[in-house]
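Here is a short briefing for a reader new to this structure.

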Amino acid sequence: FQLNIFEKKHMKFIVSSSLLYKEIQVLGGIINSTNTLPILDNFLFEINNNKLVISSSDLESTMTSEIEIESTSTDKIAISAKLLTDILKTFSEQPLTFIKKDNNTVEISASNGKYSLAYLKGDEFPKQIEILDAHETRIKGSDLWNAINSTIFASGTDDLRPVMSGVFFQFNSESLKFVATDAHKLVKFETSEYTANEVSEFIMPKKPLQILKGILQTESSELTIQHNDSNAKFVFDKSSIICRLIDGKFPNYEAVIPKDNPNVLTIDRQLFLNSVRRVSIFSNKTTNQIRLKLAGTLLNISAEDFDFSNKADENLECQYSGDDIQIGFNSKFLIEMLNNLESDMITLSMSHPNRAGIIRPLNESGESKETITMLVMPVMLNDND
C-alpha cells in the first residue's frame, strides 16, 4: 500500500487549524522573548500516530499539551514558535496538512496555499524532568485558580529575596494553604475542602502560576499536583506544566499576623474601595499615604500632598466596634487587596496604628470552606494636622 510507505518515510499529519492555534497560544506563554539556547524559541512536536504532543520550555518550566490528529507517522521535530503562531492566527478554521520534506523544512498546506518553514531536530529539545518520590494532591481546577488569583498579586519582585517572589504552598491533613508576601502586604488563602495525606510545602515561581491561572479560569475538572523537593508538576486533562521550585525557606508568616485585633471596621467593600481610590488621587505620589480615622459609626478617609497643596477627605457610614483610632496605609496596597476580594462586605481589624491591619471577606452564610486573610502594613502618619 503505497501511501503508508510514503507516510512512514515522511512525517505527515492533518490537524484542525483552530485547535492547534488554541493550544500553542497557551504553550507560547512559557517561551522567553530572549533565549540563550536557540532551540527554546521552538515548539517540540512529537507525533505518535493519531496523537500530537506539543511542548514548550524555558529550562525552568516545561509545558506539554496533547491533541488528536490524523496520521500514521512517528517522529519529533522542533518548529519556530513565532512563525507558527503568526501564520496560524491568520487562518479561518480548516484542516492543515503538515509534511516533513527532505530539505529540513516542513510544508504546511492550507485550503489556498502552501507554506514552508525550517525545522530543527527534536532530539535537541531539553528532556522533560521526571518527578521521583512525588507527593500527590488533587484539587479542582477552579479552586486552584481561586487560590492562585487570591495570592499571586501579593508576591514580591525583589531578586535579592527569591523566596518571596513566588507563592508558598503548604499542605497537610487538615487543609491546603497558599501564602504570598512582599513584606508590605501578605495574603493567606486556606481551604479545608481539600487535604493532603502528608505534610508538605514548596514555593512556586510566579511565571508558571500566571500561565496556570490563565488555563484554569475555565477548567472545572480535577487536576493533580505532584511535587518533590526540587520540582512540581500540574497534570490536567491532556496538558501538564512542570517547573523548578524556588529554593529556600519561606518566612514564618504566622508570626507576623497579629492575633489580637479588638478594633473592627465592617464596611461595604465596593463603597470603601471607591472612596479610597478617589481620595488617593490627592495623596503624595511617593508614599501614596491615606489616613483612616474611626470614631463611632463614622469612617473618615483623607489624604494630603503637602508639596502641591492637594487635599481630599470623605466620610463614610460604617459599623465599627473598638477605640477611636487613626491609622495610615499605602493606598496602592489597600486598593489592590480590596480589588482582589469578591465579597460584598469586608472587615478591617486593627490593634494599634503601628501594627498591621487584617482584611477579611465577610461571608454571609458563615459556611465557607475557604478563608482569606489579608495583612497590610501601616505607614507612619506625619501629624501635620
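The points below take the helix pair and then the pocket.

This is a predicted model. Helices α6 and α7 have axes that come within 10 Å. The second largest pocket has a volume of about 360 Å³.

**The helix pair**

- Helix α6 covers residues 269-280, and helix α7 covers residues 331-339.
- Their axes cross at roughly 155°. Angles over 145 degrees count as roughly antiparallel, so α6 is roughly antiparallel to α7.
- The crossing of α6 and α7 is left-handed.
- On the α6 side, the contact involves Arg 269, Phe 272, Leu 273, Val 276, Arg 277 and Ser 280.
- On the α7 side, Ser 331, Leu 334, Ile 335, Leu 338 and Asn 339 meet them.
- By class, six nonpolar, three polar and two charged residues make up the contact of α6 with α7.

**The second largest pocket**

- The volume of the second largest pocket is about 360 Å³.
- The second largest pocket is lined by 16 residues. Closest to its centre are Lys 22, Glu 23, Ile 215, Glu 219 and Ser 239.
- Three elements each supply at least two lining residues: α2 (17-27), β4 (61-68) and α5 (206-216).
- Strand β4 gives the most to this lining, with five residues.
- By class, the lining of the second largest pocket holds seven charged, five nonpolar and four polar residues.

Notes:
Residues are numbered from 1 along each chain as its sequence is written. This is a predicted model: local features need pLDDT of at least 70, side-chain atom pairs count only at pLDDT 80 or more; totals for chains, interfaces and linings use all residues. Side-chain values use heavy atoms; hydrogens and water are left out. Axes are lines fitted to C-alpha atoms, for helices over the stretch in contact, and angles run from 0 to 180 degrees between N-to-C directions. Helices (H or I, at least four residues) and strands (E, at least two) are DSSP runs, numbered from the N terminus. Angles under 35 degrees count as roughly parallel, over 145 as roughly antiparallel, 65 to 115 as roughly perpendicular and the rest as oblique. A crossing is left-handed if the near helix is turned anticlockwise from the far one by less than a right angle, and right-handed if clockwise. Contact means heavy atoms within 4.5 Å. Ala, Val, Leu, Ile, Met, Phe, Trp, Tyr, Cys and Pro count as nonpolar, Asp, Glu, Lys and Arg as charged, and the others, Gly among them, as polar. On a 1 Å grid over the protein atoms alone, a cavity is a set of points where a 1.4 Å probe fits but cannot get out, and a pocket is an open set with protein on both sides within 12 Å along at least five of seven lines; lining residues have an atom within 4 Å of a point. Grid points are joined across faces, edges and corners, and a volume is the space filled by probe spheres set on the points.
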